[in-house]
There are 2 protein chains.
Amino acid sequence: MLSKSQINLLKSLQHKKFRRDAGLFLVEGHKSIIEFADSPYQIETVYHIPRFDSKVLKLSQKINLCEISVTDLEKISSLKTPQDVVAQIKIPAWPALGHLELKGKFSLALDGVQDPGNMGTIIRIADWFGVERIICSEDTVDVYNPKVVQASMGSLARVKVYYTELGALLSSVKMPVFGALLSGNNIYNTDFGHEGLILMGNEGNGIRPETEKLITRAVTIPRAGKAESLNVAIATALFCSEISRKALK
Amino acid sequence: MLSKSQINLLKSLQHKKFRRDAGLFLVEGHKSIIEFADSPYQIETVYHIPRFDSKVLKLSQKINLCEISVTDLEKISSLKTPQDVVAQIKIPAWPALGHLELKGKFSLALDGVQDPGNMGTIIRIADWFGVERIICSEDTVDVYNPKVVQASMGSLARVKVYYTELGALLSSVKMPVFGALLSGNNIYNTDFGHEGLILMGNEGNGIRPETEKLITRAVTIPRAGKAESLNVAIATALFCSEISRKALK
């Protein structure tokens with residue numbers, strides 16, 4: 001059974017400020033928890049209801065297991081239909097991102113993506129295509145937001161997400177910055193080479209003018225129909241696919 | 001000012017049964033309404049709050065304009081933050097889908113897609129890539145669901161969506177049925193030819209076994225990383241992109 005203060009702490013983790021203060025976030029559902037258990041993330045406690053068999057998680061013995069009531073689970077869950085198990089996980093302090101880590105590969109850069117569902121889907125896409133790092137402007141939605149974690153379907157356990165002053169980073173990297181713009185080189189004719197940053201913008205406003213200036217290779221997804229735009233996660237997937245297609249053929 | 005029974009009717013359109021009984025659905029926001037006004041859909045009434053200038057909609061004179069209070073707008077809207085204008089539109093009765101209409105082009109087929117956000121995004125993708133028709137199994141989410149309409153961002157005005165016994169259709173069309181499966185031909189090496197149906201499955205369960213049997217060309221999106229799967233809208237976009245890339249180059 002959970003105390004009232006424990007429940008309050010766990011509930012508070014739905015808000016960014018409290019997550020950052022406590023250095024903790026929640027992951028719901030056994031499928032996602034298994035991915036985090038098999039990752040550099042450190043699981044502190046796993047809360048589960050009596051009917052859940054915690055053996056399916058294959059946890060190391062260091063992790064606290066705590067059986068809770070269905071009522072308590074409903075209180076701490078951010079889901080309409082809670083799953084049987086929730087893990088309390090430490091927010092990691094990755095070593096600062098060095099330019100060397102970006103060399104010889106492709107990383108994503110997000111300029112103000114706001115929708116948690118889009119962010120989670122982008123993490124899942126990165127994981128599918130083997131993109132290891134996502135670099136976000138400070139105002140991009142928090143990656144430990146419960147809806148982001150949920151939408152990433154466990155992929156967050158493998159993809160590293162950094163928040164930084166994006167302009168400073170883009171202007172100092174010595175590699176191409178590919179930006180999704182309306183008037184750029186046709187993506188289907190673009191040779192992406194062997195390294196670079198793929199810059200995507202906010203859902204409504206696109207890439208900020210001051211960030212746009214730092215694009216060295218503007219790229220456009222041509223359209224055959226009439227839709228005004230593509231969703232940012234869809235555009236990200238099309239970029240990742242084009243970059244990977246030679247290697248994946 | 002709206003009467004109580006008018007408000008109840010408009011609110012009831014959030015539910016499929018009442019939409020189908022009344023033959024009506026709602027579209028919110030001036031951007032989407034402009035797309036429907038410029039389409040074969042028939043707008044019956046436009047409800048707007050006093051501060052909204054209905055001239056931006058460029059409506060024909062046949063359409064009823066009805067000024068309502070902000071309170072009434074909040075009652076009939078399905079959005080947390082309602083926009084200033086809502087249109088009541090007739091659900092069209094498209095002529096039955098003939099095989100001739102599918103000839104020489106690509107159409108999408110959806111086997112039990114459930115999430116309204118995914119459905120709306122798929123409609124927007126179809127519109128971007130010039131795919132004119134989406135054929136759905138009877139249990140696919142209703143296309144006039146407010147969340148689908150919202151997520152389609154006006155593209156629903158241009159893409160025709162049909163509900164039918166999908167198995168019967170797939171077994172009678174005389175063209176390739178491409179299905180997204182885990183063990184198929186590499187999508188990056190697939191020659192899609194000039195016509196066909198692209199079959200996508202349910203979010204959790206994929207394509208039903210009995211529908212899967214009707215696939216004539218299994219196709220796989222290869223992965224470089226470790227994500228277990230891709231979101232159905234993302235997979236749809238990658239298929240549409242591969243089919244279009246030759247023409248769009």
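Start at B:V85, which is found in strand 4 (residues 85-90) of chain B. Bear in mind throughout that this is a predicted model.

**Stop 1: B:V85**

Is B:V85 buried or exposed? Its relative accessibility is 1%, so B:V85 counts as buried. Now show its contacts beyond four places in sequence. They include B:V27, B:E28, B:G29, B:H30 and B:I33. B:V46, B:Y47, B:H48, B:F52 and B:L57 also touch B:V85. Next, draw a distance from B:V85 to B:P40. These two residues are 45 residues apart along the chain, and their C-alpha atoms are separated by 20 Å.

**Stop 2: the B:R51–B:D84 pair**

Select B:R51 and B:D84. Their side chains meet in a salt bridge, 3.0 Å from N to O. The pair links distant parts of the chain, 33 residues apart. B:R51 sits in the loop between strand 2 (43-48) and strand 3 (64-67) of chain B. B:D84 sits in the loop between helix 4 (70-76) and strand 4 of chain B. B:R51 is exposed, with a relative accessible area of 65%. B:D84 is partly exposed, at 21%.

**Stop 3: helix 8 of chain B**

Move to B:L169, in helix 8 (residues 166-172) of chain B. B:L169 has 9% relative accessibility and therefore counts as buried. Which residues does B:L169 contact, leaving aside its neighbours within four places in sequence? Look for B:L97, B:H99, B:I135, B:T164 and B:L197. Then draw a line to B:A224, 55 residues along the chain from B:L169. The two C-alpha atoms are separated by 35 Å.

**Stop 4: strand 5 of chain A**

A:F106, A:L108 and A:L110 point one way. A:S107, A:A109 and A:D111 point the other way. Both sets are buried.

Pick A:S107: its bridge partner in strand 9 is A:L197.

The chain leaves strand 5, passes through helix 6 (residues 116-128) and reaches strand 6. This β-α-β crossover is right-handed.

**Stop 5: A:I134 and the nonpolar core**

Stay in chain A and select A:I134. The largest nonpolar core has 174 residues. Which of them touch the most other members? A:I134 and B:I134 do. Show what A:I134 contacts beyond four places in sequence. Among the partners are A:L108 and A:L110, together with A:I122, A:I123 and A:A126. A:V159, A:K160, A:V161 and A:Y162 are also in contact with A:I134. Recall that A:L108 and A:L110 point one way from strand 5, along with A:F106.

**Stop 6**

How many salt bridges does the structure hold over all chains? There are 34. Zoom in on A:D142 and A:R20, whose side chains meet at 2.3 Å, N to O. This pair links distant parts of the chain, 122 residues apart. A:D142 is in the loop between strand 6 and helix 7 (146-151) of chain A, and A:R20 is in helix 2 (residues 16-22). A:D142 is buried, with a relative accessible area of 5%. A:R20 has 37% relative accessibility and counts as partly exposed.

Jump back to chain B for B:R133 and B:E132. Their side chains meet in a salt bridge, 3.2 Å from N to O. B:R133, at 10% relative accessibility, counts as buried. B:E132, at 41%, counts as partly exposed. Then select A:E101, A:K105, A:E132 and A:R133 in chain A. Salt bridges that share partners join these four into one network.

**Stop 7: both chains**

Zoom out until chains A and B are both in view. A rotation of 180 degrees, with 0.0 Å of shift along its axis, superposes chain A on chain B (RMSD 0.0 Å). The two copies are thus related as by a two-fold rotation axis. Finish by colouring the interface. Of the interface residues of chain A, 100% are also interface residues in chain B, so the copies meet through the same surface.

Conventions
Residues are numbered from 1 along each chain as its sequence is written. Chains are lettered from A and ligands numbered from 1 in the order in which they are written. This is a predicted model: local features need pLDDT of at least 70, side-chain atom pairs count only at pLDDT 80 or more; totals for chains, interfaces and linings use all residues. Side-chain values use heavy atoms; hydrogens and water are left out. Buried means under 20% relative accessible area, exposed over 50%, partly exposed in between (1.4 Å probe, protein chains only). Helices (H or I, at least four residues) and strands (E, at least two) are DSSP runs, numbered from the N terminus. Two strands pair if DSSP finds at least two bridges between them. A crossover is right-handed if, with the strands pointing away from the viewer, the path from the first strand over the helix to the second runs clockwise. Copies are superposed by least squares on the C-alpha atoms of residues with pLDDT of at least 70 in both. Contact means heavy atoms within 4.5 Å. A nonpolar core is a set of buried Ala, Val, Leu, Ile, Met, Phe, Trp, Tyr and Cys residues joined through side-chain atoms within 4.5 Å.
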